[in-house]
Amino acid sequence: MTASTLPILNIAPAQVIRGSGVLLESAALFERLGKRPLLVGGETSLAAALPFLSAPLQELNTATATYQKDCSEQTLTVLNQAVEAHKADCIIGIGGGKALDAAKLLAYQNQLPIATVPTSAATCAGWTALSNVYSEEGAFLYDVGLATCPNMLVLDYDLVATAPQRTLVAGIGDAIAKWYEASISSGHSPHTMVIGAVQQARVLRDILFQKSDSALKNPGSDDWKEVIDASVLMAGVIGGMGGAQCRTVAAHAVHNGLTHVAAHGTLHGEKVAYGILVQLRLEEMGPGKTALAATARQQLVKFYERLGLPTSLSDMRMDQLSVSQLRQAATIACREGSDIHHLPFSVQPEQVMAAMVSTTLATAGASTASKGTDSPAASVARTQPLPTRQSAQARNLGI
Ligand SMILES: [Zn+2]
């Protein structure tokens with residue numbers, strides 16, 4: 001018998017502490033991690049969070065380090081100097097995805113315990129054993145797998161309630177991607193843990209379909225809290241339980257490509273949500289010509305329109321991107337090692353470009369759809385629902 005070692009699973013933080021007012025009521029919350037925490041966050045997030053942190057930090061010797069722009073190598077250099085200067089013995093990451101990614105990577109590099117305190121529900125970064133590293137200009141460069149999930153995640157709904165609603169909408173977009181990415185990459189896996197992760201992703205999608213409208217209409221309500229749990233916590237469980245295969249496919253690859261041509265102005269989850277539609281278009285155009293993918297896309301477009309998630313490049317104000325910029329984004333999405341290659345068929349940049357400009361294309365059978373079974377590219381040129389500017393991009397692409 002030969003030895004075979006499977007990848008280590010980092011499923012969850014050791015402790016998840018959540019509720020309304022947990023920060024204010026938990027005087028000794030962070031003491032089990034250390035006595036000299038370094039607080040890492042963006043300026044806005046720290047300003048929002050500090051009033052909540054006075055009680056849990058009052059007995060500790062704290063210092064604060066703000067991250068600059070993105071979780072970049074330069075940011076990490078500055079943060080490492082702050083760890084050294086303060087002789088920090090633990091890290092408390094405070095903020096959204098980029099702040100938490102920077103804090104987690106900093107803790108990993110220094111082998112220090114870490115608590116994450118999300119100030120919004122925009123991503124599941126507070127949960128996962130993964131940090132994304134960006135350039136100073138905001139372009140995605142690579143991700144780093146961390147040794148463990150954070151030691152502690154503190155989710156205080158009162159703090160998350162201070163974030164703009166747009167962040168929760170983006171979090172829903174990022175979380176719902178779990179199903180569309182995990183099911184296409186791992187839906188046929190025979191492995192128990194992956195099957196479990198894929199099924200949880202389906203349940204997560206259904207929870208978001210059922211409760212997102214109500215959550216956004218009623219901030220602070222029970223549904224709002226459940227949707228926050230879905231976006232911040234359950235999305236993280238799926239990544240942890242399924243491992244690398246279950247994490248990302250084309251939706252995130254398209255996001256990564258877009259960060260190289262339009263880094264700022266949209267949130268991670270907004271670009272990922274749009275990326276799901278691109279992925280579904282690829283599935284529609286792929287060798288299987290999946291009708292299910294077309295139906296799923298129509299369902300998502302309606303869902304996005306209600307929530308305010310982008311359905312097209314123009315919704316993200318990227319309708320000004322030139323053909324060469326679109327090609328650059330598509331080429332990066334398709335580069336060697338990209339998660340897009342977890343699709344069960346090969347994909348070229350030209351196909352990604354065609355998918356990018358046809359995310360709102362009506363399907364045969366939908367009320368506004370044209371009849372016939374022409375190729376998708378011909379349909380792009382013929383049907384009406386594409387916004388004018390997007391149609392111009394499609395025309396420039398010759399489709
Ligand atoms: Zn994501």
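Predicted model: local features only at pLDDT ≥ 70, side-chain atom pairs only at ≥ 80, totals over all residues.
A residue is called buried here if 20 or more other C-beta atoms lie within 10 Å of its own. The chain has 16 helices and eight strands. As for how it folds back on itself, take the contacts with a separation of 6 or more: 74% of them are between residues 24 or more positions apart.

Let's start with the sheet. Six strands form an open sheet with parallel pairing, in the order S1-S8-S5-S4-S2-S3. Strands S1 (15-19) and S3 (63-66) sit at the edges with a single partner strand each, so one side of each has no neighbour in the sheet. From one strand to the next, the twist averages 20°.

Now zoom in on S4 (90-95). S4 is joined to S2 by five bridges, the two strands running parallel, and Pro37 stands opposite Cys90 of S4. Towards S5, there are again five bridges to S4 in a parallel arrangement, with Ile114 in S5 as the bridge partner of Ile91. How many of the six residues of S4 are buried? Six of the six are, so the strand is largely enclosed by the rest of the structure. Both of its faces are covered: one side has Cys90, Ile92 and Ile94, while the other has Ile91, Gly93 and Gly95.

Carry on to S5 (residues 114-118), which pairs with S8 (residues 152-156) in the parallel sense over two bridges. Ala115 is the residue standing opposite Met152 in S8. Helix H4 (residues 97-110) packs on this sheet, where it touches S2 (37-41), S4 and S5. The direction of H4 makes about 170° with that of S4.

In H13 (residues 323-333), the buried residues are Leu326, Ala329, Ala330, Ile332 and Ala333. Looking down the axis of H13, you'd find these buried residues within an arc of 160°, so they line one face of the helix.

Is Ala291 buried or partly exposed? Ala291 counts as partly exposed, because it has 13 C-beta neighbours inside 10 Å. Its C-alpha atom is separated by 9.9 Å from that of Leu280, a residue 11 positions away along the chain.

Conventions: Residues numbered from 1 in each chain as written. Buried ≥ 20, exposed ≤ 12 C-beta atoms within 10 Å, placed from the backbone. Helix = DSSP H or I, 4+ residues; strand = E, 2+ residues; numbered from the N terminus. Arc of directions from axis to C-beta. Contact = placed C-beta atoms within 7 Å. Pairing = 2+ DSSP bridges. Axes fitted to C-alpha atoms, helices over the stretch in contact; angles between N-to-C directions.
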